[in-house]
Protein chains: 2
Amino acid sequence: MKLSELGEHEAVKRLIEEILAGQWRCPSLGPGDDAACVGGGFQNLILKIDGGSLASLWAPWMEPADIGWQAVAAAASDLVAKGAKPLAFAVSLGLDPGEDIETLKGIVRGAAEAAQAHGAWLLGGDTNSCSNCGWIDVAAVGLAEKPVGLQASPGDTVYVTTGRIGLAGLVLDSLAKGRWREAMEAYPRAFSEFARPRARLEFVELAGTGCITAATDSSDGLAYSLGKIAEAAHALVELENIPVEPEALRYAEEYGVDPLELALYGGQEYEVIFAVRGGCEKLVEERAATLGLAVARIGRLREGPQGITYRGRTLSVRGWDNFKNM
Amino acid sequence: MKLSELGEHEAVKRLIEEILAGQWRCPSLGPGDDAACVGGGFQNLILKIDGGSLASLWAPWMEPADIGWQAVAAAASDLVAKGAKPLAFAVSLGLDPGEDIETLKGIVRGAAEAAQAHGAWLLGGDTNSCSNCGWIDVAAVGLAEKPVGLQASPGDTVYVTTGRIGLAGLVLDSLAKGRWREAMEAYPRAFSEFARPRARLEFVELAGTGCITAATDSSDGLAYSLGKIAEAAHALVELENIPVEPEALRYAEEYGVDPLELALYGGQEYEVIFAVRGGCEKLVEERAATLGLAVARIGRLREGPQGITYRGRTLSVRGWDNFKNM
């Protein structure tokens with residue numbers, strides 16, 4: 001069966017069940033987590049590889065340096081969501097031999113800048129050639145004092161960092177509908193944050209409280225991330241509040257788009273979605289305030305059929321699928 | 001300037017000089033080494049990313065599982081050459097959505113088998129889509145008690161592991177010249193070792209002796225690897241002996257090819273080329289014998305103009321170049 005018929009998420013499920021089961025070495029992190037724990041004597045060491053084809057990543061307004069930055073920030077976000085502080089990155093690039101050296105230099109410069117912005121280093125990498133194609137992959141290692149898996153339970157409160165949900169959805173919607181030039185003029189901040197996202201490093205400190213029962217980043221979309229938490233908990237995520245960014249609300253109104261669509265199904269956004277053990281909320285909120293990290297309560301996990309509801313309405317759990325969406 | 005005009009090695013040199021200088025964190029390992037050391041409190045932690053386009057890696061007789069195996073073994077070899085024991089791998093794949101799920105499963109199965117054959121684990125990865133293209137990248141972390149850089153000096157003795165030099169050259173030559181079918185029948189071992197190479201894990205134990213001053217793997221060809229050691233030492237590698245594998249000698253005779261060409265410029269071979277501090281040779285050779293690792297003395301580093309000679313004749317230092325060779 002073709003990958004496009006099966007879809008990425010089903011294909012990965014089969015890989016895990018048929019081949020990879022038993023490879024994960026830590027009780028805290030397993031298949032489905034954003035990053036893996038090395039295990040053995042290295043329970044705190046977190047490894048991630050993350051990338052994509054340049055064609056899928058390269059929006060028309062982006063510079064080569066933005067591509068390098070985005071790729072490193074995306075890998076950093078996966079570490080951070082598991083409670084790990086990034087230590088080092090390495091980047092592998094595939095480029096057409098007809099490409100200019102300035103493109104290669106730009107991508108690597110952006111990657112090095114992002115590594116430093118995330119408190120880490122870009123330790124070289126690998127260059128490859130590829131006719132009429134191109135890709136970037138980032139290897140990342142980090143250190144997690146308290147690795148955060150997907151072990152939430154009914155009763156836990158669900159949060160999202162900074163509440164800036166929907167800006168990436170705004171950008172992607174404007175791109176899909178061919179109006180990105182006007183949207184970029186009207187909503188410049190959405191576009192600049194899209195090109196140079198920052199992983200929420202402060203979340204690593206929150207993980208240190210031991211109050212976080214599950215976390216994942218929102219890179220495949222808020223709904224998909226919540227679905228992962230609900231699935232692992234065999235529970236229902238009851239949303240009461242979806243803090244859509246005001247710019248995304250304005251964009252939605254201007255173009256007659258559902259703002260929840262932007263917030264729930266955008267993807268390529270790097271906030272942390274996390275669950276906090278019942279009774280621990282105050283401690284986490286106070287710690288977040290000390291760190292200057294905005295966090296918003298968005299709902300609660302309940303006993304019930306696995307899924308997501310928003311003010312009583314059931315939300316579909318879908319998200320970015322590399323083999324179907326491209 | 002186009003990458004094809006500049007070549008991979010010059011392009012990487014510019015990246016290092018203009019962007020990456022200062023990123024490397026350990027005195028032992030730096031730019032030009034096969035893998036990087038994370039640094040800070042993690043001087044023994046080694047990180048590598050390594051990959052390529054499927055078009056460049058996929059020889060016509062190879063199964064999907066061989067591709068996955070090769071990619072992991074190649075990354076393992078880079079760790080091992082720096083004295084690091086592999087701990088974990090993660091793999092990123094780009095595949096056309098029209099590709100069959102069995103191809104994806106085959107590649108991942110081979111990667112998982114190679115990880116285990118190298119005493120480590122395959123901790124998941126990332127799947128991506130890419131129209132009419134495809135790639136594989138492997139992220140690898142390892143632990144080096146004594147990281148081995150490129151700090152050889154005149155007087156050091158130069159070695160190569162196992163002496164099986166030239167088998168990959170045989171395979172690549174037969175492929176380039178359109179006679180791989182007959183060569184595969186006559187020299188099956190060369191083809192099976194090419195499809196399923198093994199990194200020389202025992203070398204990690206040799207690195208533990210503290211006698212090794214420089215090492216690199218032979219994946220870009222023996223001449224290129226020796227050139228790296230000579231360049232870092234600002235010295236001459238005087239070769240006295242190039243242990244060409246008997247099968248490669250027979251192939252060279254059969255087809256009228258220079259056997260040294262197969263041994264020196266083949267690439268995609270995963271032996272370790274290393275230098276041993278003067279006076280330490282006996283200890284290293286005895287330790288290798290205990291480990292069951294064949295090692296062959298091939299020459300010595302001398303004061304002199306940087307380069308390589310073989311029995312008085314100067315050898316050209318060239319090797320695989322992704323942007324020029326493809």
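**A walk through the structure**

A:Asp50 is buried, with a relative accessible area of 15%; buried means under 20% relative accessible area, exposed over 50%, and partly exposed in between, with a 1.4 Å probe and protein chains only. This is a predicted model, in which local features need pLDDT of at least 70 and side-chain atom pairs count only at pLDDT 80 or more, while totals for chains, interfaces and linings use all residues. Residues are numbered from 1 along each chain as its sequence is written, chains are lettered from A and ligands numbered from 1 in the order in which they are written, and side-chain values use heavy atoms, with hydrogens and water left out.

A:Asp50 sits in strand β2 (residues 42-53) of chain A. Helices (H or I, at least four residues) and strands (E, at least two) are DSSP runs, numbered from the N terminus. Beyond neighbours within four places in sequence, the contacts of A:Asp50 include A:Ala74, A:Asp78, A:Asp137 and, from the other chain, B:Asp126. Contact means heavy atoms within 4.5 Å.

In UniProt, an unreviewed entry places the feature "binding site" at A:Asp50 and A:Asp126. These two span 77 residues in sequence, yet no two of their C-alpha atoms are more than 14.5 Å apart, so they gather at one spot. UniProt positions are given in the numbering used here, feature names are shortened, and annotations may be inferred rather than shown by experiment.

A:Asp126 belongs to strand β4 (residues 121-129) of chain A and counts as buried at 13% relative accessibility. Leaving out residues up to four places away in sequence, A:Asp126 touches A:Val91, A:Ser92 and A:Leu93 in chain A, and B:Ile49, B:Asp50 and B:Gly51 in chain B.

The unreviewed UniProt entry also gives the annotation "binding site" for A:Asp34 and A:Asp78. They are spread over 45 residues of sequence but cluster in space, with a largest C-alpha distance of 5.1 Å. A:Asp34 lies in the loop between α2 (8-20) and β1 (36-39) of chain A, and is buried at a relative accessible area of 8%. Among the residues that A:Asp34 touches, not counting those up to four places away in sequence, are A:Lys48, A:Asp78, A:Lys82, A:Asp217 and A:Lys228.

Now for chain A as a whole. Its secondary structure comes to 14 helices and 12 strands. The radius of gyration of chain A is 19 Å, close to the 20 Å that the globule rule gives for 326 residues, so the chain is as compact as a globular protein of that length. That radius is taken over C-alpha atoms, and the globule rule is 2.2 Å times the number of residues to the power 0.38. Along its principal axes, the C-alpha trace of chain A spans about 60 × 55 × 50 Å. Of the 326 residues, 61% count as buried. Among contacts in chain A between residues at least 6 apart in sequence, 83% join residues at least 24 apart.

The last stop is a backbone detail that can be found in both chains. A:Thr162 has a positive phi of about 55° although it is not a glycine, and phi of B:Thr162 is near 55°. A:Thr162 is in the loop between β6 (157-161) and α6 (167-176) of chain A, and is partly exposed at 22%. B:Thr162 is in the loop between β6 (157-161) and α6 (167-176) of chain B, and counts as partly exposed at 23% relative accessibility.
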